[in-house]
Structure formats: structure tokens, C-alpha cells
Amino acid sequence: MTDGTRDTAPDGRPRARERRRGQGELEAQVLAVLGAAPEPVTAAWVQERLGGSLAYTTVITILTRLYDKGAVTRSRSGRSFAWTPVADGAGLVALRMRKLLDREDDRDAVLSSFVSALSPDDERLLRTLLYESEAPENGPDRGPGR
């Protein structure tokens with residue numbers, strides 16, 4: 001077929017192609033694997049836990065991107081590196097949001113626009129989180145709306 005969704009196997013039968021991963025999906029998978037590691041691990045260890053279908057160089061590229069974003073650290077381990085997560089998937093998204101915010105001159109406008117686009121539940125959660133971060137001695141059950 002030529003619709004871009006199938007390929008032909010050697011026996012002539014159509015073969016489904018693997019879907020492309022969404023932006024950040026592979027990074028999240030690598031972070032999840034690192035998060036389950038008992039100690040700092042090598043890229044080969046990560047590759048194996050991801051199922052081995054990714055090229056080693058792809059795993060290295062993802063780890064290096066995560067390192068550049070501050071989501072992982074690395075230390076020498078022989079001729080390669082051992083990798084450790086600093087942030088999980090949610091932490092990586094938070095890092096991205098922070099970097100985007102840091103690039104803007106009018107932070108007030110960006111934050112105002114962001115908050116005004118939140119659902120009522122998300123706005124309530126944000127208010128609770130802000131309250132708890134300012135007054136941790138108040139405990140989790142004494143925030144606004146609780």
C-alpha cells in the first residue's frame with residue numbers, strides 16, 4: 001500500500017508499521033526506566049530495559065538531551081557514563097515550563113494567561129499547592145477549599 005501506514009513483508013503480506021512516538025514520549029520512557037534503577041546505570045542497561053528495539057546511539061542521544069535539560073546526572077563509569085534521574089516525567093515537564101517562562105519578558109502576562117486557561121479543578125489544585133508551599137505547617141488538609 002502507499003497510504004504510509006503499511007509496508008510489505010517479504011512474503012508479500014502487508015505489515016503494520018510502528019507508530020511514531022510523540023514528542024517527549026521517549027524521554028519519559030527513559031526517565032521511567034532510570035527511576036526504576038537501583039543505582040546509577042549505563043546506557044546499555046537502559047537500552048535493554050526499553051526492550052532493545054532502540055539503537056544504542058538513540059539511547060545515548062536521549063540521555064544526553066535529558067542531561068542538557070537537567071533531568072539526569074551522569075558520572076564516569078569506565079569508558080562510558082552511569083546515569084541517574086534528577087526529575088521524573090512530571091519534573092521534566094515542569095523544567096520545560098520553567099525554561100519557556102524564563103524566555104519571556106512579560107512573565108506576568110504569561111502566568112496570567114496560563115492561569116486564566118486552567119480548568120476550575122486545575123486552578124483549585126494550583127491554589128492549594130501554592131498555599132501549602134507558603135505555609136507547610138498548615139498541613140495538607142487546611143488549604144483553600146478544603
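I looked up Glu123 and found it partly exposed, with a relative accessible area of 27%. My cut-offs are under 20% relative accessible area for buried, over 50% for exposed, and in between for partly exposed (1.4 Å probe, protein chains only). The model is predicted, so I take local features at pLDDT of at least 70 and side-chain atom pairs only at pLDDT 80 or more, while totals for chains, interfaces and linings use all residues. I number residues from 1 along each chain as its sequence is written, and side-chain values use heavy atoms, with hydrogens and water left out.

I next checked the partner of Glu123. Its side chain meets that of Arg127 in a salt bridge, 2.8 Å from N to O; the term requires a side-chain nitrogen of Lys or Arg within 4 Å of a carboxyl oxygen of Asp or Glu. Glu123 and Arg127 are four residues apart in helix α6, so about one helical turn separates them. I take helices (H or I, at least four residues) as DSSP runs, numbered from the N terminus.

I stayed with helix α6, residues 120–134, where Asp121 and Arg124 lie three residues apart, about one turn. Their side chains form a salt bridge at 2.8 Å, N to O. Asp121 is exposed at 54% relative accessibility, and Arg124 is partly exposed at 44%.

I then turned to helix α4, residues 89–102, where Asp102 and Arg98 are four residues apart, about one helical turn. I noted a salt bridge between their side chains at 3.1 Å, N to O. Asp102 is partly exposed at 42% relative accessibility.

I recorded the count by this rule as seven salt bridges.

Conventions
Helix = DSSP H or I, 4+ residues; strand = E, 2+ residues; numbered from the N terminus.
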